[in-house]
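Me: I would like to go through this structure term by term, asking each time what the word rests on. Please set each value against its cut-off before you conclude.

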Amino acid sequence: MASVVVAAEEVDPESSSNPTDAVLFVGISLVLGIASRHLLRGTRVPYTVALLVLGIAIGSLEYGTSHQLGKVGDGIRIWANIDPDLLLAVFLPALLFESSFSMEVHQIKKCIAQMLILAGPGVLISTLILGAALKLIFPYNWSWKTSLLLGGLLSATDPVAVVALLKELGASKKLSTIIEGESLMNDGTAIVVYTLFFRMVTGSTFSSGTIIKFLSQVSLGAVGMGIAFGLVSYLWLGYIFNDTVIEITLTLAVSYLAYFTSQEAADISGVLTVMTLGMFYAAVARTAFKGEGQQSLHHFWEMVSYIANTLIFILSGVVIAEGILGGDSILKHEKNAWGYLILLYVLLQLSRAIVVGSLYPLLSYFGYGLDWKEAIVLVWSGLRGAVALSLSLSQSSDTSSYITRETGTLFVFFTGGIVFLTLIINGSTTQFVLRMLRMDKLSAAKTRILEYTKYEMTSKALEAFGDLVDDEELGPADWPTVKKYITCLHDSEGERIHPHTTSENDNNVEHMHLSDIRIRFLNGVQAAYWVMLEEGRITQFTANILMQSVDEALDLVSLQPLCDWNGLKANVHFPNYYKFLQASRFPRKLVTYFTVERLESACYISAAFLRAHRIARQQLHDFIGDSEIALAIINESETEGEEAKKFLEDVRTTFPQVLRVLKTRQVTYSVLNHVIEYVQDLEKSGLLEEKELVHLHDAVQTDLKKLLRNPPLVKIPKAHDLVSANPLLGALPSAVREKIVGSTKETMKLRAVTLYREESKANGVWLISNGVVKWDSKKIKKRYSLHPTFAHGSTLGLYEVLTGKRYICDIITDSVVLGFFIEAEKILSVLGTDDAVDDFLWQESSIILSKLLVPQIFEKMSMHDLRTLVAERSSMRTYISGESFELPQNMIGLLLEGFIKTQSTLELITAPAALFPSYADRRVSGKKIIYLSLCFCHHASSYIVETRTRVIMFEVSGFEGSGGLQRRASSLISHGDNPSPTREHSGLMSWPQGSFKSRRHPSEIDHHGKNFSARAMQLSMYGSMISDERESPSGLPTHSRSYPRVPPTEGRGLITVRSEGSATVRKNVNVGTESLVGPDDANHSREMDYSSDESGGEDEHIVRIDSPSTLSFPRAP
């Protein structure tokens, strides 16, 4: 307002009017705007047209009565004489930002080519046509530069007028986006073209290269400036927490600062800058405003747009009236001016038609396309408004000698007249054009849904009446009277017709309804994403990705089934450049950090996708019921969710800590929101005073801010912790372990990375800490292997290193894998130093070998069960040449090294080989197992040793039908009074009796190789825990405080994915926690610290679950 006052003082310093009279004009204008909007609601008269007519009426009263309106007239004159540049600077930033911010980003992306065609070549063609007409037809002897100047000024369709009109008429989103986007862009383009020609008129000279440089600098510089302001303000928004007032004020301030910086300081297009800024906010920052903040932002900018539109259109009418009735009225000089104005209007419409017609092939090719009906509307909706009028006023106020005062007056007259005619004629008849082209009609599918919804509204009204009919204080109500007042439901009575009921006259009704229901379903999915964003279930970044996938799927509803998951795959799969990062010299910790972040994002996306689809399916079923079309859409949704569900189930198996951390964030946010709602309910009920409310609210907000600034993180355990928990390395004496490990660092590999190839030289051993790998071999037949994979805790390549043979299979990662690589030289360096260590290494190598050679028996066994088998039910012996040995009926042997012969056939057998009894078949636990002839399997009752031979034999009589191991008392582990697991626990985990005893009394385990195997068995069983060198008072290792202990998932199916949490999951976690805590720890509760504060990083570890998996993290093609 101060700017207006200053402008008034500069314009008329001798005036006796009070500058504060300008406020009176604002008040009167707003009152007139309120009255117009109120009276015209429900009519076909556009609101902006009424405002322009009112402005002309007010101006006519003031200038037609020779200033007899007193203070009202003084206020009118202050505003009418406002500097045109100031007028643009006051109104344009807010209007342009609101318009561009409210546009849908996906629609902009699809229509951007059409917008640029109309705003670039379209404006130039229109400028040339109008300039030529003004030069050749009009009798004013203007130069080409002056004619082109007015032509460029009139070529811009005004966004203020067009946007206001489209919002009232309710045009289709596609057409509205094209027209509105064109208006925003070519408004900036027209200003640039106008500036160029104005400089030419005023004496500047430009070559073709200079013109191209100027246009590029002004336009591209504006885009860069808008992005820069958007990025800085968006980053600032990230530091503002739950302060709606500051957030909204920041958007207002940045729009004006960006406009001023571009227009005045950088000499580039302020219009294009603000337009780019608004589109940047629409694309990136829309999700930064959640809940009430988003509603407040919407209402604020809607109010700003309404006030600005009201003032600028009334002011435009006043300026037009001044040009006609003022002291320098064109009527006094040019008697034929009105006729030329009508001619100019006709030429303007003709030039618009030529532009759209000549560019129609391109417009119909790009984006959503453009049919002939939409092209007609596009031609007719070329309204002009306050921008063109302000530019003409700025030109007329120029006192240079290049443009005469008469020419400036003609510019204002023609521009004001065109603004008036386009708004009055085009604006008020656009709805009629839409109706004539039948573009305002609802489709048959939408009409049916509307009628069905009205019938359902009647049912809901009856239900509400039934609940409210009798009141304890006032008694019953009269339904006929109630019904008489609810007139909106009178036409919904009669027979209930389902919207998907077909009739003989319906053509292609099923396809039409499928598309319609898909659109409604996807809108429901997008609404669910907004709710999840407000609830803290997803981040802003994830929300943008999810909503963009829905927008893309909406474009294809008529062509294919639901496909919003297709738009998410690229964000769930690992892109190819991750493989490059791992192969490059980037720091391993940095690569690991980005990998885990990507995995977190993929889990967020998958869980939100499943939850949103489940909510949308339930809402669709509740609304429409079990129609065939609704069921078809529901089936499409369920089919889409299979891949996301499998992804989460796989992550739950191999990297459960990721899901646990994400769920912890969600639960923490949800709990704090529930606390806030509870405090607000207490305030509404009057039970809390304001001071108490502020104290409690601040306390909760502090916790929320801490959660957002310092959330729980998935932290990769340190190498020392991974080594201590590894079944191979953790079981070895510390001196031997340090010699093997040395300075080895953990390594993270993506899916489909080859760890080693078959027949390649065995140069080391891979220890898998997290993830899944798969094996393949040309020599070993895989037809008996249903799941040729190895989960975490596996020791790969150890057998080949011990024997010096080449690798016997390919090992390829089948998920994100975290592990170690130990060179062969380090393993070989400890051989021969301790017989117990040697025996243990050979026993450990037999575990993977048994799964490779005898998959029909050992594949279903977990790594823990196999280690239990080695520790409790195996024997390993070394034989020398000439000896013989027999294989009992209940035993299976593995030839680890050397050569032997079968005693009956003298068949030479070389290592590695599986040795079976001589029976063609046998039974284990009542079930028949057939040992077919395999290239590595041999059958004989006794064998003759040819060279020094090492054989390990497994007792398989304890197998259950499912492949599990029946426990028996172990001679290797002393038993105490520990009770056996309860029936509730037995389904969750398997463990040897007395394992607690063995862990509490490590001194009882001597340096026998078997006891190393027993220790490895225990580490495998406690795979969900990371041991420190420090031990608790009970002898049990201290566990991670960051991640609670989770029981192994062996022996139970995967839990169905529920993003909101599962009682089953909670129950299982609690059971696992109880069963892993020793008696001495029963009274010692441990705090779970998920904080990302690095000060507590020494105790941060990853929780692992020992379970086989088929995890697959596909990479982008």
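This is a predicted model: local features need pLDDT of at least 70, side-chain atom pairs count only at pLDDT 80 or more; totals for chains, interfaces and linings use all residues.

Me: Why is α10 called roughly antiparallel to α11?

Reply: The axes of α10 (residues 208-238) and α11 come within 10 Å and cross at roughly 155°. Angles over 145 degrees count as roughly antiparallel, under 35 as roughly parallel, 65 to 115 as roughly perpendicular and the rest as oblique, so α10 is roughly antiparallel to α11. The axes are lines fitted to C-alpha atoms, for helices over the stretch in contact, and the angles run from 0 to 180 degrees between N-to-C directions.

Me: What makes glutamate 62 and arginine 77 a salt bridge?

Reply: The term requires a side-chain nitrogen of Lys or Arg within 4 Å of a carboxyl oxygen of Asp or Glu, and the closest N and O atoms of glutamate 62 and arginine 77 are 2.6 Å apart, so the pair qualifies. Helices are DSSP runs of H or I with at least four residues, strands are runs of E with at least two, and both are numbered from the N terminus. By this salt-bridge rule the count comes to 16.

Me: How do you know whether arginine 665 and glutamate 600 are buried or exposed?

Reply: Buried means under 20% relative accessible area, exposed over 50% and partly exposed in between (1.4 Å probe, protein chains only). Arginine 665 counts as buried because its value is 13%, and glutamate 600 is buried because its value is 4%. Their side chains meet in a salt bridge at 3.0 Å, N to O, and since arginine 665 lies in helix α27 (residues 656-684) and glutamate 600 in helix α25, the pair ties together parts that are 65 residues apart in sequence.

Me: Why is helix α7 described as largely enclosed by the rest of the structure?

Reply: Nine of the eleven residues of α7 (residues 144-154) are buried, so the helix is largely enclosed. The buried residues include Thr146, Ser147, Gly151 and Leu154.

Me: What makes the phi of aspartate 267 worth a remark?

Reply: Most residues other than glycine have a negative phi, and most peptide bonds are trans. Aspartate 267 is not a glycine, yet has a positive phi of about 60°, and is placed in the loop between α11 (244-265) and α12 (270-285). At 43% relative accessibility, aspartate 267 counts as partly exposed. Alanine 752 likewise has a positive phi, of about 70°, and is found in the loop between β3 (747-749) and β4 (754-756).

Me: How do you know that the peptide bond from alanine 911 to proline 912 is cis?

Reply: The omega of that bond, from alanine 911 to proline 912, is near 0°, and proline 912 lies in the loop between β15 (908-910) and β16 (913-916).

Terms used: Residues are numbered from 1 along each chain as its sequence is written. Side-chain values use heavy atoms; hydrogens and water are left out.
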